[in-house]
Amino acid sequence: MTASFPQQLISGYQTFSSERLPTEQSRFRELSEKGQFPEVMVIGCCDSRVSPEVIFDASPGELFVVRNIANLVPPYQPDGNAHGVSAALEYAVQVLKVKHIVILGHAQCGGIRAFVDKTAPLSPGDFIGRWMSMFTKPGEIVEIRDHESMQDFVTRIEKAAVFRSLENLMTFPFVKKRVEAGDLLLHGAYFGVALGSLSVLDKVEKVFKPVGQAKPTA
C-alpha cells in the first residue's frame, strides 16, 4: 500500500518515530488529551525553504502555522466565498486566543517575483495572479525606483508584503479589538534563505533589524 508513497517521507517518519518521538511522547499524549494552546500564530509562505517550525526550533503545539503564496493576509471580506487564511485567523484569534501573530516574509519569494516581473499567468486559470493581485490597493502602482537595482526592488517588495499583511490584519474586527485592548501583538519578520538570517520589524522605525545568530560552539 505504501509502494507509491514518497520514500523520503516514510524514511523521515521512521527517523522521527525512532529518535524524536520517544523523547516527546508525553507531550504528544498531553496535546492529544488536552488540546492545543499555542501562544503564537505564524503566517508564512508555502516556499519549502521557509519552514517556521524549523526556523524557530518549535516543538509540537507551540506554533499555529498558516502558509500561502507570499505570506499574504487578505483584507476582511465576509462574503459568500471561501477564505482559508481568514478562517484560520478567526480560529487562532477567537478560539485559541493566541497572543502574537507573526507575518514571516522571506528572500527569493516566487510569488513576489511573479508579481514584480508581471509575467504571463503561471498556470491555467492563474490562481497565483489573482491571489497576488490583492497585494496592491486599487489604483496603487508598484514600480522600480530610479537607481534601484532589480534585486533591491524585489527585496523591498518582499518586505512590503509583510507591511501590507500587517495592515490587512487590522481590517479584521476581532483582530483590531484584541490589539487595541493590548491582548494581541502583531509582528513582522523576514528570513534570508541563503544565510539563514532573520530580521524582525521595528514598528516604530519601520525597518527590519537583524536578530543575532548564535556563534558555533567549539
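Helix α4 has cover over its buried residues, and α5 and α6 are among what provides it. Here a contact is a pair of heavy atoms within 4.5 Å, and buried means under 20% relative accessible area, exposed over 50%, and partly exposed in between, with a 1.4 Å probe and protein chains only. This is a predicted model, where local features need pLDDT of at least 70 and side-chain atom pairs count only at pLDDT 80 or more, while totals for chains, interfaces and linings use all residues. Residues are numbered from 1 along each chain as its sequence is written, and side-chain values use heavy atoms, with hydrogens and water left out.

- Helix α4 spans residues 110–117, and its buried residues are Gly-111, Ile-112, Ala-114, Phe-115 and Val-116.
- An α-helix has 3.6 residues a turn, so residues three or four places apart point the same way.
- Gln-108 sits in the loop between β3 (100–106) and α4.
- The phi of Gln-108 is near 55°, a positive value in a residue other than glycine.
- With a relative accessibility of 41%, Gln-108 is partly exposed.
- Just after α4 comes Lys-118, which has a positive phi of about 50°.
- As background, most residues other than glycine have a negative phi.

**The loop between α5 and α6**

- Glu-148 is found in the loop between α5 (127–132) and α6 (150–169).
- Glu-148 is buried, because its relative accessible area is 15%.
- A polar atom of the Glu-148 side chain lies 2.9 Å from the backbone nitrogen of Arg-145. For a polar contact, the rule is a pair of N or O atoms within 3.5 Å; within protein, one must be able to donate a hydrogen and the other to accept it, and residues adjacent in sequence count only if both atoms are side-chain atoms.
- Not counting residues up to four places away in sequence, Glu-148 touches Phe-153 and Arg-156.
- His-147 is also in the loop between α5 and α6, and its relative accessibility of 88% makes His-147 exposed.
- His-147 has a positive phi, near 65°, and is a residue other than glycine.

**Cysteines**

- How many disulfides does a search of the whole structure find? The search finds zero.
- A disulfide is a covalent bond between the sulfur atoms of two cysteines; the cut-off used is a pair of cysteine sulfur atoms within 2.5 Å.
- For Cys-46, the closest cysteine sulfur is in Cys-45, and the 5.8 Å between the two sulfurs is too far for a bond.
- Cys-109 is in no disulfide either, as the nearest cysteine sulfur, that of Cys-45, is 4.2 Å away.
- Cys-46 is partly exposed at 42% relative accessibility, whereas Cys-109 is buried at 3%.

**Two exposed residues elsewhere**

- Pro-210 belongs to strand β6 (residues 207–210) and is exposed, with 69% relative accessibility.
- Leaving aside neighbours within four places in sequence, Pro-210 is in contact with Leu-198 and Ser-199.
- The C-alpha atoms of Pro-210 and Ser-197 are separated by 7.4 Å, and the two residues are 13 residues apart along the chain.
- Ser-26 lies in helix α1 (residues 7–34) and is exposed, with a relative accessible area of 53%.
- Ser-26 and Ser-59 are 33 residues apart along the chain, with 12 Å between their C-alpha atoms.

**The chain as a whole**

- The chain holds seven helices and six strands. Helices (H or I, at least four residues) and strands (E, at least two) are DSSP runs, numbered from the N terminus.
- Read from the N terminus, the order of elements is α-β-α-β-α-β-α-α-α-α-β-β-β.
- Along the principal axes, the C-alpha atoms fill a box of roughly 55 × 45 × 40 Å.
- Of the 218 residues in the chain, 35% are buried.
- Among contacts with a separation of 6 or more, 66% join residues 24 or more positions apart.
- The accessible surface of the chain is about 13500 Å², and carbon and sulfur atoms account for 56% of that surface. Accessible areas come from the Shrake-Rupley method with a 1.4 Å probe, and for residues only the protein chains shown count as cover.
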